[in-house]
Amino acid sequence: MSFITQVKLAEFKFGAPKNPVFNRRQKLVQKIDDQIKLAQDHTYQPSKTVWKKDEAGAAYKIEQPKRIKRWWIEQIDGTVLLTVRYGAKPLEFAKGKNAVHLPNKDGIEPTLIKLKAAVEAGELDDLLEKQVGFGKRTG
């Protein structure tokens with residue numbers, strides 16, 4: 001038997017419609033991955049490729065460290081407040097509650113892993129929708 005008769009064929013359409021909910025999830029999952037790596041290694045510094053120009057005007061690429069901001073702060077008593085940021089603002093989980101309270105630093109990485117699973121399952125889609133629409137005008 002030939003290969004073509006064994007497989008199911010379909011038409012490929014370039015530029016398939018994008019799902020904004022899926023894109024938001026993926027963006028947040030990538031940010032959570034960076035935070036997990038930062039929790040595991042405090043010296044973690046991702047890099048990005050940027051274009052620069054020299055004196056003659058010729059463009060070239062260089063690797064530059066990417067700025068990454070920690071989502072948690074340690075309190076005086078040793079407890080930790082962990083926020084989840086989408087864009088510049090933290091997500092508000094409940095009215096007036098935008099951080100997860102942890103007893104110590106050891107809980108940061110497991111909490112971030114659970115958070116990543118929740119985002120992938122779609123549990124925070126409503127919060128992301130509100131966050132994205134927060135600054136938009138409705139008229």
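## Helix H4 and its two sides

Four residues of helix H4, which spans residues 125–133, are buried: Asp 125, Leu 127, Leu 128 and Gln 131. They lie on the same side of H4, because together they cover an arc of only 160° around the axis. On the other side of H4, Asp 126 and Lys 130 are exposed. The model described here is a predicted one.

The spacing of such residues follows from helix geometry. An α-helix has 3.6 residues a turn, so residues three or four places apart point the same way.

## Salt bridges between helices

How many salt bridges does a search of the whole structure find? The search finds four. Side chains of opposite charge can pair when their charged atoms come close.

Is Arg 24 buried or exposed? Arg 24 has a relative accessible area of 14%, so it counts as buried.

Another salt bridge is made by the side chains of Asp 33 and Lys 116, at 2.8 Å from N to O. This pair also links distant parts of the chain: Asp 33 is in helix H2 and Lys 116 is in helix H3 (residues 108–121), 83 residues apart. Asp 33 is partly exposed, with a relative accessible area of 23%. Lys 116 is partly exposed as well, with a value of 22%.

## A salt bridge from a loop to a strand

Lys 105 forms a salt bridge with Glu 74, and the closest N and O atoms of the pair are 3.9 Å apart. Lys 105 sits in the loop between strand S7 (99–102) and H3, while Glu 74 sits in strand S3, so the pair ties together parts that are 31 residues apart in sequence.

How accessible are the two partners? Lys 105 counts as partly exposed at 45% relative accessibility. Glu 74 counts as partly exposed, also with a value of 45%.

Which residues form the positive surface patch? The patch is formed by Lys 27, Lys 31, Lys 48 and Lys 66. Lys 31 belongs to helix H2, which covers residues 20–40. With a relative accessible area of 37%, Lys 31 is partly exposed.

Lys 66 is placed in the loop between strand S2 (59–65) and strand S3 (72–74). Lys 66 counts as partly exposed, at 30% relative accessibility. Along the sequence, Lys 66 and Lys 31 are 35 residues apart, and in space their C-alpha atoms are 12 Å apart.

Phe 3, Ile 4, Val 7 and Leu 9 make a nonpolar surface patch of about 430 Å². Where is Leu 9 placed? Leu 9 is in the loop between helix H1 (3–6) and H2. Leu 9 counts as exposed because its relative accessibility is 59%, and the cut-off for that class is over 50%.

Gln 6 lies in helix H1. Gln 6 is exposed, with a relative accessible area of 53%. From Gln 6 to Glu 120 there are 114 residues in sequence and 34 Å in space, C-alpha to C-alpha.

Ser 2 is in the segment before H1. Its relative accessible area is 39%, so Ser 2 is partly exposed. The C-alpha atoms of Ser 2 and Gln 64 are separated by 50 Å, and the two residues are 62 residues apart along the chain.

## A residue in strand S7

Val 100 is found in strand S7. Val 100 counts as partly exposed, at 27% relative accessibility. Val 100 and Val 84 are 16 residues apart in sequence, and their C-alpha atoms are 8.6 Å apart in space.

Methods
Residues numbered from 1 in each chain as written. Predicted model: local features only at pLDDT ≥ 70, side-chain atom pairs only at ≥ 80, totals over all residues. Heavy atoms only, no water. Patch = residues over 30% accessible without salt bridge, like charges linked within 9 Å, V, L, I, M, F, W, Y side chains within 5 Å. Areas by Shrake-Rupley, 256 points an atom, 1.4 Å probe, with all protein chains shown as cover. Lys, Arg positive; Asp, Glu negative; His and termini not counted. Charge placed at Lys NZ, Arg CZ, Asp CG, Glu CD. Buried < 20%, exposed > 50% of the residue type's maximum accessible area, 1.4 Å probe, protein only. Arc of directions from axis to C-beta.
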